[in-house]
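Subject: Structure handover

Hello,

Here is the structure I promised to pass on. Please open it and keep it beside this email while you read.

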Amino acid sequence: MDKPRIVLAGGSGFLGQELAHDLVALGYDPVILTRSMRGKTGRVRQVQWDGKTIGKWAIELDGAKAVVNLTGKSVNCRYTHENLREINESRVNSVRVVDEAISKCTRPPEVLVQTASLAIYGDAGNRLCDENSPAGDGIPVETCRLWEEAFNEGKTPFTRRIILRIGFVLGKSGGALGTLSKLVKCFLGGTVGSGRQYISWLHVADMNRMFLWAIERDDVHGVFNATSPNPVTNAEFMRELRRALHRPWSPPTPSWAVHVGSWFMRTEPCLALTGRRCDPKQFLQHRFEFRFPNLREALGDIYE
Ligand SMILES: NC(=O)c1ccc[n+]([C@@H]2O[C@H](COP(=O)([O-])OP(=O)(O)OC[C@H]3O[C@@H](n4cnc5c(N)ncnc54)[C@H](OP(=O)(O)O)[C@@H]3O)[C@@H](O)[C@H]2O)c1
């Protein structure tokens, strides 16, 4: 019997590669849609698309078990007019064209899992944000709203729809943890800004288990916060990261230094100076079991 196919749109990046690896191990047939074919990555097939117009790639969705849309230009850059346009368009266009491709299928996929971000809650201070909390303000929030609005406009009557608002995913193979670890190793891993901004984090193993759960549980749909049940402040996060990397102390990094450093690193200070404390309420209500609910164990596993 053929292995169930799972199409990973924009799956060439950090989360897509990690998910594809686990899907292969579990007996699925993942297919990555990418703009630039990089040769065969292990046992994972790649198919070319442009992320905005229907092409031959759309055949891959017909008869697939699931589509996971991970497409989006990284937000880790300066928010110039051009970058913001690409950040927003890469997300909105991919959402729309995936919906269009599903609507053309004779055998539509059972489920569409769309990635989104907890950044939709804005710089939320101490407030605990669950899936019903209001959106915040600011540029990253606007991107998240456009992204989710495009998803909510889509109609796929034969395909279940679920959207995962993802937190800061911790893994060795990609994402922002690598950059933070380098700073910590150079004794530049002190508390950032006030240190009171929250970080809602999750281990990449739990991220993959959430994707699989969303694919396999045919009774779930709607919005889910994809984050661990124990968000921490920046001060706690940096302390645990220093502990995991055997750098017991580093001087704090004041806000002005973050502004200067961000300019040199071609990124935005708000990525480090703002945060949100999020609750994976829906996952907990559905009794999802976290493998790494606590930060110390999560970092211990990553750096052991
Ligand atoms: N990692 C996290 O901690 C995290 C947290 C919250 C939300 N998310 C969201 O989850 C999704 C996957 O995250 P990730 O960490 O795997 O991201 P990633 O490593 O940056 O990968 C995203 C993929 O999107 C594609 N892409 C980039 N720019 C594009 C453009 N202009 N048009 C079309 N495709 C484009 C790229 O594929 P090709 O170049 O091969 O086409 C890239 O591999 C993203 O949408 C991200 O915003 C991630």
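Q197 touches T233, N234, L273, T274 and G275, leaving out residues up to four places away in sequence. Two residues are in contact if their C-beta atoms, placed from the backbone, lie within 7 Å. This is a predicted model: local features need pLDDT of at least 70, side-chain atom pairs count only at pLDDT 80 or more, and totals for chains, interfaces and linings use all residues. Residues are numbered from 1 along each chain as its sequence is written.

Stay with Q197 for a moment. Q197 sits in the loop between α4 and β9. Helices (H or I, at least four residues) and strands (E, at least two) are DSSP runs, numbered from the N terminus. Is Q197 buried or exposed? Q197 is buried, because 22 other C-beta atoms lie within 10 Å. The cut-offs are these: buried means 20 or more other C-beta atoms within 10 Å of the residue's own, exposed means 12 or fewer, and partly exposed is in between, with C-beta atoms placed from the backbone. Q197 and A235 are 38 residues apart in sequence, and their C-alpha atoms are 8.2 Å apart in space.

F187 is also on the list. F187 is found in the loop between α4 (177–185) and β9 (198–199). Its phi is near 60 degrees, a positive value in a residue other than glycine. F187 is exposed, because 12 other C-beta atoms lie within 10 Å.

R287 has a phi near 60 degrees, a positive value in a residue other than glycine. Look for R287 in the loop between α9 (281–285) and α10 (295–303). R287 counts as exposed, with 6 other C-beta atoms within 10 Å.

Now the helix pairs. α1 (residues 14–25) and α5 (residues 204–216) pack at an angle of about 70 degrees, with axes 10 Å apart. So α1 is roughly perpendicular to α5. Axes are lines fitted to C-alpha atoms, for helices over the stretch in contact, and angles run from 0 to 180 degrees between N-to-C directions. Angles under 35 degrees count as roughly parallel, over 145 as roughly antiparallel, 65 to 115 as roughly perpendicular and the rest as oblique. In this pair, L15, E18, L19 and D22 of α1 meet V204, M207, N208 and F211 of α5. By class, that contact has 5 nonpolar, 1 polar and 2 charged residues. Ala, Val, Leu, Ile, Met, Phe, Trp, Tyr, Cys and Pro count as nonpolar, Asp, Glu, Lys and Arg as charged, and the others, Gly among them, as polar.

α2 and α3 pack at about 15 degrees, with axes 8 Å apart. They are therefore roughly parallel to each other. From α2, L84, I87, N88, R91, V92, V95 and R96 meet I139, T143, L146, W147, A150 and F151 in α3. These residues divide into 9 nonpolar, 2 polar and 2 charged.

I139 lies in α3 (residues 139–153). I139 touches Y79 and L84, not counting residues up to four places away in sequence. I139 is partly exposed, with 15 other C-beta atoms within 10 Å. From I139 to D29 is 110 residues in sequence and 37 Å in space, C-alpha to C-alpha.

Best wishes
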